[in-house]
Amino acid sequence: MNVLLVFAHPEPRSLNGALRDVAVAELKAQGHEVRISDLYAMGWKSAADRADFPQLAPEARLNVANASGEAFKTHTLTDDVRAEQDKLLWADAVILQFPLWWFTMPAILKGWVDRVYSYGFTYGVGEHSDKRWGNRYGEGVFAGKRAMLIVTTGGWEEHYSERGINGPIDDLLFPINHGILFYPGFDVLPALVAHRVNRLDEAGFAGIAEQLRERMQTLFTARPIPYRRQNHGDYLIPSMQLRSELGDTDMRGFALHVDAAASR
């Protein structure tokens, strides 16, 4: 199988760099072909701006969604963006690896998403009617592919727990897992999160590396997070409200969009 690992850390000799090497070695040992998009090493341009759309008339007002849609349709996206889109289409699984900076991904990785996920490629596709609302949330260009996150953080696991002051890690990662990955169709696996990495000793690294190897071994067999699919009856269209009879009555927020019954 083909695996794309998008790596977002500025130091190749970092813990993240070591974990990347562990993941790649294990994937190759399993017989998979691996490509790496090392965003810092590539000098990836993170800002979506006018330079991305050279065909846009100088006097025209820049609307990024419209401009990216036209560029995608006319095959005039910049070479770097088209190369990353080709990698995504090639891959059977995509791994995003990054340190958690200020409760989210580094800006360079968010910029990769902003520029590579062009209109007509990952969003703005499919029928919009009273029965469907586009090919998204479980459908789309990446349907049938898998994705997961490898995340490091300096905070304690307890700090990112249900009652932890930083908030549950699953909630913090929900906009990435559900919004960036599930939205265009990926089956999303639970993230591998390494905590307290700034104080990690050799034994601690060995433990995380072994967890990572196990996750790479089950990349194509583990059960994905059972997010509710948009166009399969759980949501009212076009309001996109979850049907009132679904979910526990006291449930709120992100948890509503996971089908707990499907994970039992």
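**Close-up views of a predicted model**

**View 1. Helix α1 ends and G31 follows.** After α1 comes G31, a residue with a positive phi near 95 degrees. Everything shown here and in the other views belongs to a predicted model. Helix α1 itself runs over residues 15-29, and its 15 residues should span 21 Å at 1.5 Å a residue.

View 2. Which residues of α1 are buried? They are N16, G17, L19, R20, V22, A23, V24, E26 and L27.

View 3. An unreviewed UniProt entry gives residues 1-214 the annotation "domain: Flavodoxin-like fold". In the model, this span is 36% helix and 14% strand. Follow residues 1-214 from one end to the other, and you will find the end C-alpha atoms 17 Å apart.

**View 4. Helix α5, largely enclosed.** Look next at residues 107-116, which form helix α5. Seven of its ten residues are buried, so α5 is largely enclosed by the rest of the structure. The buried residues of α5 are I108, L109, G111, W112, V113, R115 and V116. Their cover includes the strands β1 and β3, together with the helices α2 (39-42), α4 (79-90) and α6 (169-182).

**View 5. The largest pocket and its lining.** Rolling a probe the size of a water molecule over the atoms shows where empty space is left. The largest pocket holds about 280 Å³ of space. Its lining is made up of 19 residues, and those nearest the centre are V113, D114, Y117, T122 and Y123. Elements giving two or more residues to this lining are α3 (64-73), α5 and α6. Helix α5 provides the largest share, with four residues.

View 6. N231 sits in helix α8, which covers residues 230-234. Is N231 buried or exposed? Its relative accessibility is 13%, below the 20% cut-off, so N231 counts as buried. The side chain of N231 makes a polar contact of 2.8 Å with the side chain of E139. A polar atom of that N231 side chain also lies 2.9 Å from the backbone oxygen of G134. Beyond its neighbours within four places in sequence, N231 touches K131, R132, W133, G134, R136, E139 and I237.

**View 7. A cis peptide bond at P238.** I237, one of the contacts of N231, is joined to P238 by a cis peptide bond with omega near 15 degrees. P238 belongs to the loop between β7 (235-236) and β8 (241-242).

View 8. Most residues other than glycine have a negative phi, and most peptide bonds are trans. H75, in the loop between α3 and α4, has a positive phi near 60 degrees. With 66% relative accessibility, H75 counts as exposed. Where is W102 placed? You will find W102 in the loop between β3 and α5. Its phi is positive too, at about 50 degrees, although W102 is not a glycine. W102 counts as exposed because its relative accessibility is 79%.

Note on methods:
Residues are numbered from 1 along each chain as its sequence is written. This is a predicted model: local features need pLDDT of at least 70, side-chain atom pairs count only at pLDDT 80 or more; totals for chains, interfaces and linings use all residues. Side-chain values use heavy atoms; hydrogens and water are left out. Buried means under 20% relative accessible area, exposed over 50%, partly exposed in between (1.4 Å probe, protein chains only). A polar contact is a pair of N or O atoms within 3.5 Å; within protein, one must be able to donate a hydrogen and the other to accept it, and residues adjacent in sequence count only if both atoms are side-chain atoms. Contact means heavy atoms within 4.5 Å. UniProt positions are given in the numbering used here, feature names are shortened, and annotations may be inferred rather than shown by experiment. The expected span of a helix is 1.5 Å times one less than its number of residues. On a 1 Å grid over the protein atoms alone, a cavity is a set of points where a 1.4 Å probe fits but cannot get out, and a pocket is an open set with protein on both sides within 12 Å along at least five of seven lines; lining residues have an atom within 4 Å of a point. Grid points are joined across faces, edges and corners, and a volume is the space filled by probe spheres set on the points.
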